[in-house]
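Subject: Model for you to look at

Hello,

Here is the structure I promised to pass on. Please open it alongside this note.

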Amino acid sequence: SAECLCAKCLPKKLGGTIFMAGIQLSTAGVTLLYAAEATAGTRPTTGYEKISEIKSIPELNPEPDNLETTTLEETEWKTYVPGLKDIGGALSFTANLTEASMTEWEGVVDAYDTAAAGNKATWFCIVIPGLTKALYFTGQPSPMGMPAMEVSAVLETTLYITPTGAPQWAAKPTDLESMSLRSSTKKNVEV
């Protein structure tokens with residue numbers, strides 16, 4: 001007789017563990033948030049504000065430098081150890097440029113200036129739906145400049161944030177659900 005491979009019997013055959021294929025994720029619903037530290041040196045877990053109109057987020061996964069360690073004793077292959085990672089300076093976030101997004105970004109820069117005056121950092125958070133963790137980093141936002149423009153195009157701008165700390169994965173902000181409800185009710189349509 002054939003062996004049973006149902007969901008109940010298969011784990012017993014494989015020693016009790018079944019590895020399921022991961023569910024692929026979309027970029028739909030990804031959000032960029034920010035919050036200033038309440039206590040210097042402590043990443044906030046609540047109180048993040050959404051930065052709206054974001055269209056693209058840069059990669060925060062740089063390749064580490066390779067430091068060559070080859071000795072004269074090697075006869076065929078060079079040897080290496082990983083070195084430092086370099087995000088490459090200011091990070092570029094593309095956003096739609098509206099009166100509301102311009103005012104909002106000025107608020108991000110002002111929040112940074114206020115926090116910095118009290119020796120506190122501003123944390124940025126990238127939340128990806130479907131992941132239990134979010135990516136955090138401290139940074140300094142730059143004031144918005146004038147973007148390039150062309151005929152028959154959406155007016156976009158680039159928002160720059162210079163990282164002041166290494167990116168790190170951690171649990172999502174604890175008030176995320178109430179924050180998303182607040183932000184969705186704030187959206188206005190200009191006529």
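Predicted model: local features only at pLDDT ≥ 70, side-chain atom pairs only at ≥ 80, totals over all residues.

Start with Thr-45. Thr-45 sits in the loop that joins strand S1 (31-36) to strand S2 (49-51). What does Thr-45 touch, leaving out residues up to four places away in sequence? The contacts are Pro-173, Thr-174 and Asp-175. Take the pair Thr-45 and Pro-173: 128 residues separate them in sequence, yet their C-alpha atoms are 4.8 Å apart. Thr-45 has a relative accessible area of 42%. That value lies between the 20% and 50% cut-offs, so Thr-45 counts as partly exposed.

Next, the backbone. Most residues other than glycine have a negative phi. Two residues here are worth checking on that score.

Glu-53 has a positive phi, near 70 degrees, and is not a glycine. Look for Glu-53 in the loop between S2 and strand S3 (54-56). Its relative accessibility is 25%, so Glu-53 is classed as partly exposed.

Asn-119 also has a positive phi, near 60 degrees, without being a glycine. Asn-119 lies in the loop that runs between helix H2 (99-117) and strand S7 (122-127). Is Asn-119 buried or exposed? Asn-119 is exposed, because its relative accessible area is 67% and the cut-off for exposed is over 50%.

Best wishes

Technical notes:
Residues numbered from 1 in each chain as written. Heavy atoms only, no water. Helix = DSSP H or I, 4+ residues; strand = E, 2+ residues; numbered from the N terminus. Buried < 20%, exposed > 50% of the residue type's maximum accessible area, 1.4 Å probe, protein only. Contact = heavy atoms within 4.5 Å.
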